[in-house]
Amino acid sequence: MDKTLLRPDYIFESSWEVCNKVGGIYTVLSTRAKTLQDVMEDRVIFIGPDFWKEKESPYFSEDKKLFADWQKLAADEGLKVRVGRWTVPGSPIAILVDFNPYFEIKNDIYTWLWEKYQVDSLHAYGDYDEASMFSYAAALVVESLYNWIAQGNPSSLKVIYHANEWMCGLGALYINNKLPQIGTIFTTHATSIGRSIAGNMKPLYDYLFAYNGDQMAEELNMQSKHSIEKQTALHVDCFTTVSDITANECKELLDKPVDVVLPNGFDNSFVPQVAATFTKKRKAARKRLLEVANALLGEQLDDDTLIISTSGRYEFRNKGIDVFLEAMNRLLRDKDLKKKVVAFIEVPGWVGEPRKDLQERLQKMQCAKSTPIFDAPLEVPQVTHWLHNMSHDNVLGMMKYYDMHNRKDEQVKVIFLPCYLDGKDGILNMTYYDVVLGNDLCIYPSYYEPWGYTPLEAIAFKVPCITTDLAGFGLWANTVFGKYGELEDGVKVIHRTDYNYSEVADAIKDSVAAFSNYTKKQVDTARKNADALSKKALWSEFIKYYEEAYDIALRKAEERKNK
């Protein structure tokens, strides 16, 4: 690494997902924390929303001794904070802030934002106010703690404030205005307007050059989110995103090219490193998945069954759940398929409760000395939990439309697991990471995917996967391979456009059929190559891009100091 890079003495980083597990940004920050902690022990401070208040959080451990003097000062200043550690590898310092007190001055904050930066908050709705008040509170925490740390320190103290997503934009602009000596970085993990265009079934890629971000924001009622995102991008010292595909989106829709692309790395410390442990966990996952399938379907699927899955947020089109189902429907009639397939859709829906009838069957399996054989499926054998909106659910609706009822004589069975896999769902009762390594193949045919952690997680557990070149991860994999990835490489990357849905479904169908014909040696090669590729995406490989971003932001802050 070039020794001339400026390095921060402190990094403050805020996100809605600090100690708040709701999406992929949680994974980005929580896995990167250890790499930063190793270099800058306890000088990396994460700031997140305090949803837990007095209750115990599974992601946060309070420590009243940490910055004890500042905690007293913060209380005197009216800041409601809890200081402690994020319970992830590296145990970085985290500060959770209660942002509710700021709602009563919301209009004043928005007026200031308009006057200083022309951010349009008039059209705000949904989560805009909540995110903005958190962002403001996080900035006040940084201001207070920075002033406390900087006491008696020379002006040479180099500090970074890193804001993630539009939800933290307001705070970044506040720091930009009030503390110009701090270098500011803003990362958009997906542009709000790009995600909205894609989610509204409009073609995003072919017409990207012709879209006007401001105009589209008006058309899609996204003015306020787009406005804060755009103004933050324009005013911070270093504007970043997570992949080349999203960098292009930023340039076209936010009218601001990014300064650096920060690809999402990975910390594989939770992947079992001992072969015997890995094998044992894989066997346990497969056994449990097949038990659930057999109890639900009234089948006797054995370990030779091909277990495949897709997972992620419930964005039916953006995550490619629609095309996954289409592919499974076509696979039902594929003559080249040589094994039975059980395909799981592990996507949290509007879940009601675990099915009692399925729980009873699973209970009988646990109690029986020999495995009880159920020869009839349960009613609605496509879903493990009852949903609040059974008749309006996209997955169940598409399966019904295609007459996919998991019949006895069908080679391909599709099962919807519509809950968050936290180990306490009432049916599978295993965490996502304990489940994923039981798969033979994972499929993520995304239409809109700035990066794509799910395929990266799959290959870290040696599970070959299929993704597309509309996912940042898929593009990165192609770059590493120097060609379009194939299954034997560990990652198959399918070319996807605005209009080739049917070809993508066929490519998935053909790939699964081909995989069912693989010899043990071919499967082992694909698994080995998947594992090797995942090692190239570790944070130790990608942290250099962050060091470049810190340098850019600190140099701009230095220029301001010297003026």
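Ground rules before I go on. This is a predicted model, where local features need pLDDT of at least 70 and side-chain atom pairs count only at pLDDT 80 or more, while totals for chains, interfaces and linings use all residues. Residues are numbered from 1 along each chain as its sequence is written, and side-chain values use heavy atoms, with hydrogens and water left out.

I noted about 450 Å³ of space in the second largest pocket. It has 17 lining residues, and R282, R286, K339, D440 and V523 are the closest to its centre. (A pocket is an open set of points on a 1 Å grid over the protein atoms alone, where a 1.4 Å probe fits, with protein on both sides within 12 Å along at least five of seven lines; lining residues have an atom within 4 Å of a point. The volume is the space filled by probe spheres set on the points, which are joined across faces, edges and corners.)

**Strand β5**

Next I checked β5 (93–97). Five of its five residues are buried, meaning under 20% relative accessible area with a 1.4 Å probe, protein chains only. I93, I95 and V97 cover one side, A94 and L96 the other. For its neighbours I used the pairing rule of at least two DSSP bridges between two strands. β2 (residues 44–49) runs parallel to β5 with five bridges, and P49 stands opposite V97. β4 (residues 81–86) is antiparallel to β5, also joined by five bridges, and V83 has I95 as its bridge partner. β4 and β5 make a hairpin with six residues between them, and I spotted a positive phi of about 95° at G90 in the turn.

**The six-stranded sheet**

I traced an open, parallel-paired sheet in the order β14-β11-β10-β15-β16-β17. β14 (412–417) and β17 (491–494) are the edges with a single partner strand each, so one side of each has no neighbour in the sheet. Inside it, β10 (residues 306–311) and β15 (residues 441–443) pair in parallel over two bridges, with I308 partnered by L441.

**Rings**

I get 36 aromatic pairs, counting Phe, Tyr and Trp rings (the six-membered one for Trp) with centres within 6.5 Å; planes over 60 degrees apart are edge-to-face. F99 and F134 are edge-to-face, at 6.3 Å centre to centre and 70° between the planes. F99 sits in the loop between β5 and α3 (106–117), F134 in helix α4 (residues 128–149), 35 residues apart. Both are buried.

Y136 and Y174 are edge-to-face too, at 5.7 Å and 85°. Y136 is in α4 and Y174 in α5 (residues 169–178), so this pair ties together parts 38 residues apart in sequence. I make Y136 buried at 15% relative accessibility and Y174 buried at 8%.

I also logged one aromatic cluster made of F266, F270, Y432, Y433, Y453 and F461.

Last stop, charges over rings (NZ of Lys or CZ of Arg within 6 Å of the ring centre and within 35 degrees of the ring normal). The charged end of K462 is over F278, 4.7 Å from the ring centre. K225 lies over the face of Y125, at 6.0 Å.

Definitions and conventions. Rings of Phe, Tyr and Trp (its six-membered ring) pair if their centres lie within 6.5 Å; planes under 30 degrees apart count as stacked, over 60 as edge-to-face and the rest as tilted. Helices (H or I, at least four residues) and strands (E, at least two) are DSSP runs, numbered from the N terminus. Buried means under 20% relative accessible area, exposed over 50%, partly exposed in between (1.4 Å probe, protein chains only).
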